[in-house]
Amino acid sequence: MSLSTEQLLPILAIAITLSAYLSGIRLYLIQKIREIPRDDPEHAEKKYAIQKQLGWLTLADAPIVMSAFLLGLGLLWFSLTGLRTPAWMLSLGLWLFLFAGTMMVLQHFLAWHRTLIELVPISILVVIGILILIALMIWKTFLM
């Protein structure tokens, strides 16, 4: 399957946007490390906790940056070289985009799960679940 420039440009735009978003989070976390006082007795533990977050972030950040690079290069390849764009370049760029997106979705689900477990009592979770089921039943009724 070959994608046209019109189909690749929105994917490239999303990849660049997500790359900038993840870069902002990375810079924020690095700043948080720098703000930990050196004389804090838990300095090493706090720093390591943030570094773990940076490690998890890299699972999405590195592939999305490479994806944006390959897709952008692939779109400019003919203009730069006069040669046909190698199929592997766009294919790898799209696979990296898919992988990075999957990593972001998984990380969001884990963060939501952690938030719900740590911050919300189970009774509220049950009520939310019931409300979602009712909403789905109402929605399905209107679709029929």
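Asp-61 and Arg-26 form a salt bridge, with their closest N and O atoms 3.0 Å apart; the term means a side-chain nitrogen of Lys or Arg within 4 Å of a carboxyl oxygen of Asp or Glu. Asp-61 lies in helix H2 and Arg-26 in helix H1 (residues 5–35), so the pair ties together parts that are 35 residues apart in sequence. Helices are DSSP runs (H or I, at least four residues), numbered from the N terminus.

The model is predicted: local features need pLDDT of at least 70, side-chain atom pairs count only at pLDDT 80 or more, and totals for chains, interfaces and linings use all residues. Residues are numbered from 1 along each chain as its sequence is written, and side-chain values use heavy atoms, with hydrogens and water left out.

The whole structure holds two salt bridges.

| Salt bridge | N to O distance |
|---|---|
| Asp-61 with Arg-26 | 3.0 Å |
| Lys-46 with Asp-40 | 2.6 Å |

Asp-61 is buried, at 10% relative accessible area. Asp-40 is also buried, at 18%, whereas Lys-46 is partly exposed, at 36%. Buried means under 20% relative accessible area, exposed over 50%, and partly exposed in between (1.4 Å probe, protein chains only).

Helix H2 (residues 43–81) packs against helix H3 (residues 87–119) at about 155 degrees, with the axes 8 Å apart. Axes are lines fitted to C-alpha atoms over the stretch in contact, and angles run from 0 to 180 degrees between N-to-C directions. This makes H2 roughly antiparallel to H3, a term for angles over 145 degrees. The contact of H2 with H3 comprises 22 nonpolar, four polar and no charged residues. Ala, Val, Leu, Ile, Met, Phe, Trp, Tyr, Cys and Pro count as nonpolar, Asp, Glu, Lys and Arg as charged, and the others, Gly among them, as polar.

Definitions and conventions
Helices (H or I, at least four residues) and strands (E, at least two) are DSSP runs, numbered from the N terminus. Angles under 35 degrees count as roughly parallel, over 145 as roughly antiparallel, 65 to 115 as roughly perpendicular and the rest as oblique.
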